[in-house]
Structures are given as structure tokens and as C-alpha cells.
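Dear colleague,

Please find the sequence and the model below. My notes on what was found follow directly after them.

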Amino acid sequence: MRLATYFADSREIVGVVLDDGVIDLEVAFAAAGIGTPPADMLALIAGGPTVLGDVRKALAAATGNAGAARRPLSSVRLLAPIPHPRKNVFCVGRNYKLHIEEGARARGVEPSFPTVPEFFSKPPTTVIGPDAEVRLDSELTKQLDYEVELAIVIGTTCRDVAPEGVDDVIFGYTIANDVTARDLQRAHGQWFKGKGLDTTLPCGPWIVTKDAFGDPASHRLSLTVNGEGRQDSTIADMLFDCREIVVSLSAGLTLEPGDIICTGTPSGVGLGLSPQSFLKHGDVVECEIDGIGRLRNRVVEARRS
């Protein structure tokens, strides 16, 4: 299933995306006589198999009777699938070999490859949805960059997850764009400031449940800027795959339903190009992952009051 959060009728609604529209779960639950629908995406995820089973029943009833539950996708505004994360989004840095090499080359140093996943985080205020504007404050940064990434969505509270248990704790997957201010990242000597600016984590367009997505390694991810190809790779090229990432992150650290883990980006970022090419006002960035879809955002110069 493809699960989305969208804005319509002056409120945020959770829905199931079909080829010909989106099903409003509140209306579908009522029509099918299935109890109380999840209030938001976090509640849907936290509800586990029981709520997900109810969603499937409501979806079956709604698709069999194309009533008020279905809206054209063009008539709603998609938000980030989890518009208001309860805590910081977890991220993995330097997780594709060629990206590590291009970063080292841009800085004039020899590449070094991590022996364990390198984690950092982005605050909830970075998260925006499809077609939302990425804010560029050119007084603050001259080197705003892009990074297409597969994002894992955790489905259950867990800690110290064993490799064979990872599939049981993943709910699904979405697309993320880890927009980064490279000059701030370098100046501060760590990653949080350069990656923590408002609006710098577009996510979406929806969550694809793990059963529908299948093996992450078999999927391709890519990114364009104004239609020009910049990044193109396969998820199989990650140094640490999704299973290793969850095992490492959860060691001694509790993960909760709705937690998001961005898994790193391939080569082709603006920092690594020759000449380097950073985002500017008006640029349109499109991220795509096979089996999920496309995430589109426009860069807009900030206006300071």
C-alpha cells in the first residue's frame, strides 16, 4: 500500500493512494463500519497489524464502491507522510563508496571508509512535503546541496534488534532529500548545523509498506535538478544496508513507531561536481526511487523581515 498524508477541507487527512486517486480513510472506515480510523500517520503506524488490517478492509470496501471516500490526487495537497515527527530524523552519512570518494576529492584529502554507520540527525523543523519550498538563505549559506535518499520508517518500539529481526520492525519506506549547507557543515566541524536548517528535509510523496516495496537492494534511486540528471545509483551500492543500519542504530537505543532513518546518498552531489554546482533560487529538484515514486521541490530565496 501507498499511505499518504494530505491537506483538504482545511485539515490533514490520512489516505491510501491508488492509481486513480486517494482514499480518505476516515470516510472509508465510516462507510465500512470499521470502528475509529487512525487520527494521523503516527497513529496508523503505532496501531500495528490490527490497524493496518482495518485499513485494508476499509480500502477493499471503498474500492468496491467509488463513493465519497475517493478524491482525485490532483485535488489535494500532499504533505510529508509524517508531517510532524515526534523527534529528530535519524540519518546515515557517507554510506555510498563513490559519494565518499567525491567528497574527499572535493576537499583535497584521501578517502576513508567508515567501519560502522556514521549517524547524525535532523530536527523535525527540517521536514517538508512534496512541492513545498526549500528555503535558501543566501546570507547564511552559499553552498546549498541536494542528496536523494531512501528513508526507512520504523513500525514498532524496539531496541537491540538482531539481524534476523529487522524486517519485523520496519513499517515501510519513503523518499527523502537531505538538503545540506556544505559551507556550514565545514565551518562548524560537524554535520548538525549544516544539515539542520528549516525546510531541508523534503519527504514523500507517501510511505510504501514493506510488503509492497520488497527488497530495498533491488531498487534504483536518482535525482535531477531542472531536469538535468545528477545522481543515479542502486540501493545495493550502500556500504551498510538497511538491515545493518537498523541493527547498529538500535543497539542500546530505543526506536519507536514513526521514527525515520535516512540511509545515505550516492555520488553526484553538487559538492562533488567539477565545477561544483549548488542550488539557487528557482531550481527544481526531483528525487525518484523505483517502487515509491517521485518527490519534487522548488528552491526559493528566503526573505528576511
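Helices (H or I, at least four residues) and strands (E, at least two) are DSSP runs, numbered from the N terminus. With that convention, Pro205 has its place in strand E14, residues 201-209. A cis peptide bond with omega of about 0° joins Gly204 and Pro205.

Please note that this is a predicted model, in which local features need pLDDT of at least 70, side-chain atom pairs count only at pLDDT 80 or more, and totals for chains, interfaces and linings use all residues. Residues are numbered from 1 along each chain as its sequence is written, and side-chain values use heavy atoms, with hydrogens and water left out.

The chain as a whole

The chain contains 9 helices and 19 strands. Its radius of gyration (taken over C-alpha atoms) is 19 Å, close to the 19 Å that the globule rule (2.2 Å times the number of residues to the power 0.38) gives for 305 residues, so the chain is as compact as a globular protein of that length. The C-alpha trace spans about 65 × 45 × 35 Å along its principal axes.

Of the 305 residues, 54% are buried. Here buried means under 20% relative accessible area, exposed means over 50%, and partly exposed lies in between (1.4 Å probe, protein chains only). Contact means heavy atoms within 4.5 Å. Among contacts between residues at least 6 apart in sequence, 76% join residues at least 24 apart.

The nonpolar cores

A nonpolar core is a set of buried Ala, Val, Leu, Ile, Met, Phe, Trp, Tyr and Cys residues joined through side-chain atoms within 4.5 Å. The largest one has 53 residues, and Val246, Ile261 and Ile292 have the most contacts inside it. Apart from this core lies another, of 36 residues, which include Phe29, Met41, Val55 and Ala69. Leaving aside residues up to four places away in sequence, Ile261 touches Phe90, Leu150 and Val246, among others.

Is Asn177 buried or exposed? Asn177 is buried, with a relative accessible area of 3%. This residue is found in strand E12, residues 170-177. Not counting residues up to four places away in sequence, the residues that Asn177 touches include Tyr146, Thr200, Val285 and Leu295. Asn177 and Ile154 are 23 residues apart in sequence and, C-alpha to C-alpha, 18 Å apart in space.

Helix H4 covers residues 97-107, and its buried residues are His99, Ile100, Glu102, Gly103 and Ala104. Helix H6 (182-187) is included in what covers these buried residues. After H4 comes Gly108, which has a positive phi, near 70°.

Backbone details

Pro275 lies in the loop between strand E17 (260-262) and strand E18 (284-289).

Two residues other than glycine have a positive phi: Asp9, near 55°, and Thr199, near 70°. Asp9 has its place in the loop between strand E1 (2-8) and strand E2 (11-18), and counts as exposed at 52% relative accessibility. Thr199, in contrast, counts as buried at 15% relative accessibility; its place is in the loop between helix H7 (192-195) and E14.

With kind regards
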